[in-house]
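Here's a quick tour for anyone meeting this structure for the first time. Have a look at it, then read on.

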Amino acid sequence: MSYFLAANVTLLTLMLFRASMRSERSFVLSQNVAMRTSQLAQSLAVANGEISKSSLQLEHLANSDTLTGLANRSVFNRRMELLFDRCRKGQTEVALLLIDLDKFKTVNDTRGHSAGDALLKAVANRLSAACGKNDLAVRLGGDEFALVLSGHDLDARVHRVVLDVMKRIAAPIFFGGHEIVPGASIGIAFAPRHATDGDDLYACADLALYQAKLEGRRQIRFFDAALKDRLDYERAVDRDLAAAIEAGGLEVHFQPQVDMLRDAATGFEALVRWWHPEIGAISPPDIVKAAAKLQMSEQLTGFVADRACRFARILDAEGHGDLTVSINMSPSEFGAYDPARLLSGIAARHEVNPGRIEVEITEDAILDPRKVERALAALRGAGFGIAVDDFGMGHSSLAHLISLKIDRLKIDRHFVTNISANVHNQALVGALVSVGRALDMDLVLEGVETAADAETLRALGCYTGQGWLFGKAMAPADAVEWLKRHATKVRAVA
Ligand code: C2E
Ligand code: CA
Ligand code: CA
């Protein structure tokens, strides 16, 4: 019996021991779970905090300019929308000041990018300091800043603010032991006086800024009626250019180039012309500028090249197969499409030998030869001639001219018109004649307006001239008539 009891007690003890072991294990387990859960909850809370912090940072990043900490373009756009909602209801006026630093590029180039950054930060701080609590200072990009002011009777306040901004910006900053004296140009426009939406107001202020820049450094320009006319003009040009190219509203006229020794034509320059039905004559540089802005340079040059080739065929038919036709190309076109392919296609379609077509590029196009090298080599490879236009106005180096294998230099009319009375220009053109000879490049003298100038040029050894003395740019039929009259004259002289 006592054995039986002892065995029972042992068994019971064992069972109790096992049960306690089990419950301890499950206790430890549950404690573990509880601990892990609370850890998880804690780390979740931390993660949450991190997320909301980074979303705040993201929002800050999305709304502010990283370098200067000013509001950025997207804040600017939202603010403009908001203000124009109220402006349309007559609840507020809006003034936009566009501010562009003078010579910022020079600071970047000569003092380095960190100096440029320091300058931008300083200007940003100064703009913020000039702001009232409801105004907005923005960095729109690069060295372009804006101030947006709103409220009633803004004129007086804007005048005060703009003078204050000018003064603050002009204070020197010190960087790397050097003093930098910043300056800015400012363009200003008001709504509802000048514009009915944000884009409109921006365009007005931008045009005023452009005008301020033209007038020199540190200028302030308010948008006004004259600028409004200019804006309407630019808009009409932008709006109607595509249709004019397609529907033949554009024309190409041809100005003779003349061998001044024999008084005989050597070729023509193709110059675009547009008579707008409402505005009248549009200046060629405005056409070219609008085409570039609308990404239609290829269409414009294609159109001019097409007319130039047609004209070359007319010259053939008139027995002048030896005369060249030049077309103009602007620097921006070289990056935008493949000029050699475009021109080759057009010349082939008209069965015109590319050797009769010359491409005139302005001097600034060859300032960076790496950019144009390939396009020019392709044009040369396809057989087209190459001339540098407006030579003397830029700073192209002789080395570039040689490496790019230029055929002709067109001396800018600035040095040519009235040369008979200007000894400085005589010395300069005389030197250019020597350069041309040394580099084996022909010269064309633009802007020959008087017989006295032609005489002086001949004495200096210049033989090819272009200018009103010989003829203005003419419609193809008139150019053919001109040739006939001229041929008779040459024969009479001979
Ligand atoms: P540019 O290539 O230097 O063309 C010469 C400009 O001088 C022409 O003005 C011409 O009419 C003018 N001119 C010619 N002879 C005389 C003269 O004796 N005295 C004076 N004072 N001026 C003279 P235009 O036609 O107004 O063209 C201005 C500029 O527009 C051209 O300058 C050229 O850069 C650009 N351009 C004209 N047509 C085209 C074109 O089809 N494509 C491109 N990309 N640019 C063009
Ligand atoms: Ca030209
Ligand atoms: Ca020229």
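Donors are N, O and S atoms within 2.8 Å of a metal (3.2 Å for Na, K and Ca), and since water is not among the atoms, sites may look incomplete. With that in hand, D389 coordinates both the calcium ion (ligand 3) and the calcium ion (ligand 2), which sit 4.0 Å apart.

| Residue | Relative accessibility | Class |
|---|---|---|
| D389 | 7% | buried |
| D390 | 26% | partly exposed |

Keep in mind that this is a predicted model, where local features need pLDDT of at least 70, side-chain atom pairs count only at pLDDT 80 or more, and totals for chains, interfaces and linings use all residues. Residues are numbered from 1 along each chain as written, chains are lettered from A and ligands numbered from 1 in written order, and side-chain values use heavy atoms, without hydrogens or water.

So how confident is the predictor? pLDDT is its confidence in each residue, from 0 to 100. The protein chain averages 90, with 92% of the residues scoring at least 70. Over residues 490-494, though, pLDDT stays under 50. Where pLDDT is low, the predicted coordinates should not be read in detail.

Zooming out, the domain assignment (automatic or from a database) gives domain 1 (73-223) and domain 2 (245-486). Their centres, taken over C-alpha atoms, are 41 Å apart.

How values were computed:
pLDDT is the predictor's confidence in each residue, from 0 to 100. Contact means heavy atoms within 4.5 Å. Buried means under 20% relative accessible area, exposed over 50%, partly exposed in between (1.4 Å probe, protein chains only).
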